[in-house]
Amino acid sequence: MSNVNVRRLVENIRSGTNIYTPLVELVVNAIQAIDAKGIQNGLVEIEVLRNGQADIIDRLEDVDGFRVKDNGTGFTKTNRDAFDTLYTEQKIADGGKGFGRFTCLKYFDRVKVSSTFKEDDAFRDRSFRMGLDKDIIVDETEGPSQAQATGATIEISGIKSVRFPDKKLETISRVVVERLLPYFVDQDRPCPRVVIREARNPSDTVSLNDYLGKENSQIVEMKVDEGAFSLSANEDEKTFQVRVFKFFAPRTAKSKVSLVAHRREVTDNPLQTYIPEFGEEFFEPDQDLAKGRNFVIKAYVFGDYLNDNVTLERGEFRFQTDTDLLNGISQNDIEQKAAEIAQSAVGAEIAERKKRKEVRIAEYVTNDAPWHRILAKEVDFSALPMRPSNQDIELHLQKKKYEQEIATRTQVTALLNSQNPDELGEKIAQLIERISENSKNDLIHYVSMRKCVLELFSKSLEIGADGKHKSEGEVHDIIMPRKKDSEELNYDAHNLWILDERLNFTSYVSSDKPLRSSKDRTDITVYNRRVAYRGDNEASNPITIFEFKKPQRDDFADPSSKEDPVQQIIRYVNQIREGKFKTPTGRDILVNDTTPFYGYVVCDLTKKVKDWLQKEKNFTPMPDGLGWFNWFGNISLYMEVVSWTKLLRDAEMRNKIFFNKLGID
């Protein structure tokens, strides 16, 4: 009689297991019972139990449990007592933990055992259930048997809250074969025949052994030139062996690397984690070109280090997934080496996939991100997905660029703190070259973005499909978003350089937004430096005001118009001089009689507008005929009225040399 809190024990089983774990444990125990009997005709039979409720879509009933039969030694007294002992050491030589049976109760309500064994040349029967209280074995019966062969049947049923993920016999078979493949391919210890069938339809039987070793088998081992590798664990070399297999007809399966302990798969992770080119299936052509088979790769890793470090539940290992300072070897270390060996098995296809990725990256850099041309030559792209998107490539390059910048800053700091003058010359030259290359990348990027903005700006000045021009607001947004100011936007979130390069260095900008204490609003108001209204407040700092008018619009030149842009700018200047406006922080905008103001009206210069400027506003034409100017000396205001064409042409002209020199024109 045992004295174990079985329920508490089951509740404390860690999450490394899954719903297939109990079935795998029962099959392994059956194989071990056959091995102990030493027979050549060993047979393990798996029967699938259903819940009797067919799904209306696939017409298949959910799995409720399994019945596993074997013709092994049966539950002798020794085996029975071992079953009734927590952490039994009976199978320790074969990697047994004496715990696996408890995983059955984690996922199933009922565990029933019936067995025939031999004692003193007589056959006897024994049956019992696993308990959930203090006793592991309950409702036990034992007596003489009419049977003439030993064996055992263990039934697990009453699946708990989780639903069994698979229904089809073929799918369940495939999963079990993958989990127990090391048993099926062990040349030193041949695996008994393992079959699976429906409990209600015994004639429908699938042999798991047939997945390997026969013509057109679904699983085929691949040859590798060197299947062994070593890793160092606290100055002690640990050796691992890798065997690589093709799995045909993979459906949704991915190529994986599996770590094995005592001939059982413990963990499996995607190979693409280490080599992205494993992300898609492979194809094996047939002599008939119209035929062929898809397959994925699975690399199984064996070694004493894995056997010695598997957890009690066999769901994970005791060493760390990442860097393991205590043990010295991590799971990632092992899987990385195994992935490299798996790559050698399909090297030609992996190389071709890598080449296609390189071409894809080169096209992106050439066509979409020429500012990365120099950086791209230095960056390792092997970690990128097999078919990287533009975003994948850009993020990778930005990350590497940032790492380079941090490294350069660290080197500069170390150099400045260096006490060795002899090393300064060479290192300074190296650092200046590195800084120069980074700066060149940034410049190409910046100028490329300017080219895109100018193309968009030019397009916005054209007539749309509806035969109309864009509104001044839509054109305005390209230069700077409306209803915003520089307190709400990043420094480079505007394109004020289209108007004037000097505006890139302004401190405060208000776009189509009223200044405090007034409902009036300019299209764009620019304060040259923040100190114009904060800190060392200097009234000499200039203020610039812009007004935009819709392309081809000229009704503002009518005598009855209330939207005279020249008068609007003059009114804003006078109101600022009279102290009617505040800064966003509530401070006075300090001006004096000599504070310079610049006013710009951007519109199309129709004949009506030109006549208006010359005859009514007393403006002077510019030499190119695309703009007019005037000086209002009494309020220190210089004003220009320029066409959209001039604005675009001047911006293109200022930037054309950069486009040309950087090869992006």
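**Exercise 1. Find out whether Ser-330 is buried or exposed, and say where Ser-330 sits and what surrounds it.**

Step 1. Start with the accessible area: Ser-330 has a relative value of 1%. Buried means under 20%, so Ser-330 counts as buried. Keep in mind that you're looking at a predicted model.

Step 2. Now place the residue. Ser-330 belongs to the loop between helix 7 (304-309) and helix 8 (331-345).

Step 3. Look for its neighbours, skipping residues up to four places away in sequence. Ser-330 then touches Phe-319, Gln-320, Thr-321, Asp-322, Thr-323 and Asp-324.

**Exercise 2. Describe the protein chain as a whole: how many helices and strands are there, and what share of residues is buried?**

Step 1. Count the elements: the chain has 16 helices and 23 strands.

Step 2. Check burial. The chain has 665 residues, and 48% of them count as buried.

Step 3. The accessible area is about 34400 Å², and carbon and sulfur atoms own 48% of that.

Step 4. Look at the contacts with a separation of 6 or more: 65% of them link residues 24 or more positions apart.

**Exercise 3. Work out the strand order of the open eight-stranded sheet and name its edge strands.**

Step 1. Read across the sheet and you get 5-4-3-6-2-1-7-8, with mixed pairing.

Step 2. Pick out the edges: strand 5 (137-144) and strand 8 (201-207) each pair on one side only. From one strand to the next, the twist averages 20°.

Step 3. See what packs on this sheet. Helix 2 (residues 21-37) touches strand 1, strand 2 (61-70), strand 3 (108-119) and strand 6 (151-159), and its direction makes about 15° with that of strand 2.

**Exercise 4. Follow strand 7 and say in which sense it pairs with strand 1 and with strand 8.**

Step 1. A quick reminder: strands of a sheet pair through backbone hydrogen bonds, either parallel or antiparallel.

Step 2. Take strand 1 (residues 43-54) beside strand 7 (residues 193-198): they are parallel, with six bridges. Here Glu-47 stands opposite Arg-197 of strand 7.

Step 3. Go to the other partner. Strand 7 and strand 8 are antiparallel, with four bridges, and a hairpin of two residues connects them. Arg-197 has Thr-205 as its bridge partner in strand 8.

Step 4. Check the cover. Five of the six residues of strand 7 are buried, so strand 7 is mostly covered.

**Exercise 5. Explain why helix 5 can be called largely enclosed.**

Step 1. Locate the helix: helix 5 (residues 169-179) lies across strand 1, strand 2, strand 7 and strand 8, and runs at about 150° to strand 7.

Step 2. List its buried residues: Leu-169, Ile-172, Ser-173, Arg-174, Val-176, Val-177, Glu-178 and Arg-179.

Step 3. Conclude. Eight of the eleven residues are buried, so helix 5 is largely enclosed by the rest of the structure.

**Exercise 6. Decide which residues of strand 10 form the covered face and which form the uncovered one.**

Step 1. Recall the rule: in a regular strand the side chains alternate between the two faces of the sheet.

Step 2. Apply it to strand 10 (residues 228-233). Phe-229, Leu-231 and Ala-233 make up the covered face, while Ala-228, Ser-230 and Ser-232 make up the uncovered one.

Step 3. Find the partner: strand 10 runs antiparallel to strand 11 (residues 236-248), and six bridges join them. Ala-228 stands opposite Gln-241 of strand 11.

Step 4. Inspect the turn. The hairpin of these two strands has two residues between them, and Asn-234 takes a positive phi near 50° there.

**Exercise 7. Find the side-chain partner of Thr-116 in a polar contact.**

Step 1. Thr-116 lies in strand 3. Thr-116 is buried, with a relative accessible area of 13%.

Step 2. Its side chain makes a polar contact with the side chain of Asp-125, at 2.8 Å.

Technical notes
Residues are numbered from 1 along each chain as its sequence is written. This is a predicted model: local features need pLDDT of at least 70, side-chain atom pairs count only at pLDDT 80 or more; totals for chains, interfaces and linings use all residues. Side-chain values use heavy atoms; hydrogens and water are left out. Two strands pair if DSSP finds at least two bridges between them. Axes are lines fitted to C-alpha atoms, for helices over the stretch in contact, and angles run from 0 to 180 degrees between N-to-C directions. Contact means heavy atoms within 4.5 Å. Buried means under 20% relative accessible area, exposed over 50%, partly exposed in between (1.4 Å probe, protein chains only). Accessible areas come from the Shrake-Rupley method with a 1.4 Å probe; for residues, only the protein chains shown count as cover. A polar contact is a pair of N or O atoms within 3.5 Å; within protein, one must be able to donate a hydrogen and the other to accept it, and residues adjacent in sequence count only if both atoms are side-chain atoms.
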